Amino acid sequence: MNFKLKIWRQKNAKAKGGMVSYDVTGISPDSSFFEMLDTLNQQLIIGGGDPVAFDHDCREGICGTCSLYINGRPHGPVKGVTTCQLHMRSFRDGETIHIEPWRARAFPVIRDLIVDRSAFDRIIQAGGYVSVNSGGVPDANSIPVPKHDSDSSFDAATCIGCGACVASCSNAAAMLFIGAKVSHLALLPQGRVEAAKRVQSMVARMDELGFGSCSNTYACEAECPKSISVINIARMNREFLHAKVFSEKEKIIRESL
Amino acid sequence: MLFSSITRKALMALAGLFLVTFLCVHLGINLMLLRDDGGETFTAAASFMGTNPAIRAAEIVLFSGFLVHIFFGLWVSGQNRAARGKSYVVGNRSETSLLSKYMFHTGIIVLIFLVLHFIDFYFIKIGLVAPPPGIETHDFYHRTLVLFSSPVYSAIYIICFIFLGIHLNHAFQSAFQTLGLNHTKYMGAVKFIGSAYSLLMTAGFSLVPIYVYFFK
């Protein structure tokens with residue numbers, strides 16, 4: 001298969017950048033999108049050029065490292081897969097493929113197709129954890145969890161933090177990501193304890209970092225490689241509003257003299 | 001930040017849901033124009049709305065509802081635009097809820113309509129603008145007949161209500177989602193009610209100019 005590629009090239013974070021056209025030929029329909037880009041990079045290296053920089057790691061759809069905004073859709077045209085699990089048979093022979101980095105103010109471009117997604121790490125640092133020592137293994141029946149809650153929690157926990165939700169959102173909102181993180185912890189008894197505090201600090205951090213807010217178009221759900229539901233955004237809203245209205249202020253413990 | 005992103009959206013949703021109830025009341029009074037009694041029922045209803053102290057007090061709440069919804073709408077939209085930064089070369093092609101990306105645009109059209117509507121009716125009522133010759137300050141019945149006798153005015157009016165319908169169709173279910181009320185049990189019903197409501201509003205408000213044009 002032959003393709004015409006239009007790829008965003010940008011030397012560094014400060015450079016202006018622009019779309020550059022490349023041709024690749026003789027690509028197997030069974031090669032992955034990254035194998036196709038590897039072929040292009042090999043050509044560029046042999047020709048003395050600069051290979052295209054892009055993020056990738058596990059190449060089996062579980063790590064959340066890969067990105068790429070392909071023909072107007074994060075992770076390309078196939079639903080429920082990451083770019084690394086996308087194959088060239090999903091494209092027409094001779095098709096022009098536009099490849100751009102994620103675009104969000106909170107995700108600045110570092111080079112070519114690589115963006116800095118550490119904003120997500122900072123959101124997790126704000127509260128996406130359970131802050132107790134896990135201790136010994138409890139008896140299997142000592143912490144009962146309803147089946148439905150454990151299923152919903154696991155569904156939310158499949159989020160790999162790739163940022164496709166932000167990339168596809170017309171407002172560059174991170175609410176599906178935070179909704180998933182908040183839900184996955186709030187639905188389980190271990191995470192419930194800090195739920196009110198967690199949702200407030202994570203949302204506050206999200207606002208500080210300059211993400212937009214949800215206008216319920218649900219592009220995120222359509223593009224999420226793990227098909228995480230927007231029900232998680234509603235749960236986050238519910239948790240947040242409930243916490244703002246009902247949660248007690250933390251008591252300030254004054255040290256006795 | 002003074003309001004968090006979710007608080008802003010929740011306030012917008014609550015104000016929006018309040019405006020949804022107001023629209024039903026307004027439509028109810030408008031439909032009295034269809035009664036063939038020389039505007040007697042309509043004028044009685046309009047003067048009740050204009051003089052009853054409870055309604056006068058409620059009007060302040062209504063105006064605050066509009067201001068909250070418009071203010072937060074513009075604020076949230078501005079922030080959302082800024083959050084993208086540099087835009088894509090190829091526009092987004094993701095599947096989205098129908099026409100949901102155009103809430104800001106349809107909102108602006110409705111806002112322009114609201115301004116025109118104020119100039120045409122409310123400013124005359126409060127004495128800010130002099131009524132056109134031959135029509136008394138509180139004679140909304142004849143004022144409506146004169147305005148709707150122009151097909152261009154009627155067409156603009158109906159088009160504005162089509163845009164309002166598009167806005168409401170997404171807005172109604174969106175408000176529930178924003179307030180955290182999304183449940184597999186009732187979300188289908190909420191979406192259906194929202195679509196039926198927006199269709200009824202567009203059809204109901206459009207009925208008056210159509211009736212005036214063909215039967216008056």
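A residue is buried if 20 or more other C-beta atoms lie within 10 Å of its own, exposed if 12 or fewer, and partly exposed in between, with C-beta atoms placed from the backbone. This is a predicted model, in which local features need pLDDT of at least 70 and side-chain atom pairs count only at pLDDT 80 or more, while totals for chains, interfaces and linings use all residues. Residues are numbered from 1 along each chain as its sequence is written, and chains are lettered from A and ligands numbered from 1 in the order in which they are written.

Q: Why is Asn216(A) called buried?
A: Asn216(A) has 24 other C-beta atoms within 10 Å. The definition asks for 20 or more, so Asn216(A) counts as buried. Asn216(A) sits in the loop between helix 7 and helix 8 (219-223) of chain A. Helices (H or I, at least four residues) and strands (E, at least two) are DSSP runs, numbered from the N terminus.

Q: What makes His75(A) buried?
A: Around His75(A) there are 27 other C-beta atoms within 10 Å, so the residue is buried. His75(A) lies in the loop between strand 4 and strand 5 (96-100) of chain A. Its phi is positive, about 60°, although His75(A) is not a glycine.

Q: Which strands of the open sheet in chain A stand at the edges, and why?
A: The sheet has five strands in the order 2-1-5-3-4, with mixed pairing. Strand 2 (18-24) and strand 4 (73-74) of chain A are at the edges, because each has a single partner strand and one side without a neighbour in the sheet.

Q: How do you know that strand 1 and strand 2 of chain A pair?
A: Pairing requires that DSSP find at least two bridges between two strands. Seven bridges join strand 1 (residues 3-9) to strand 2 of chain A, so these strands pair, and they run antiparallel. In one of the bridges, Lys6(A) is partnered by Ser21(A) of strand 2.

Q: What makes the span of helix 9 of chain A close to the expected one?
A: The expected span is 1.5 Å times one less than the number of residues. Helix 9 (residues 231-246) of chain A has 16 residues and reaches 22 Å from its first C-alpha to its last, close to the 22 Å expected. Its buried residues include Asn232(A), Ile233(A) and Phe240(A).
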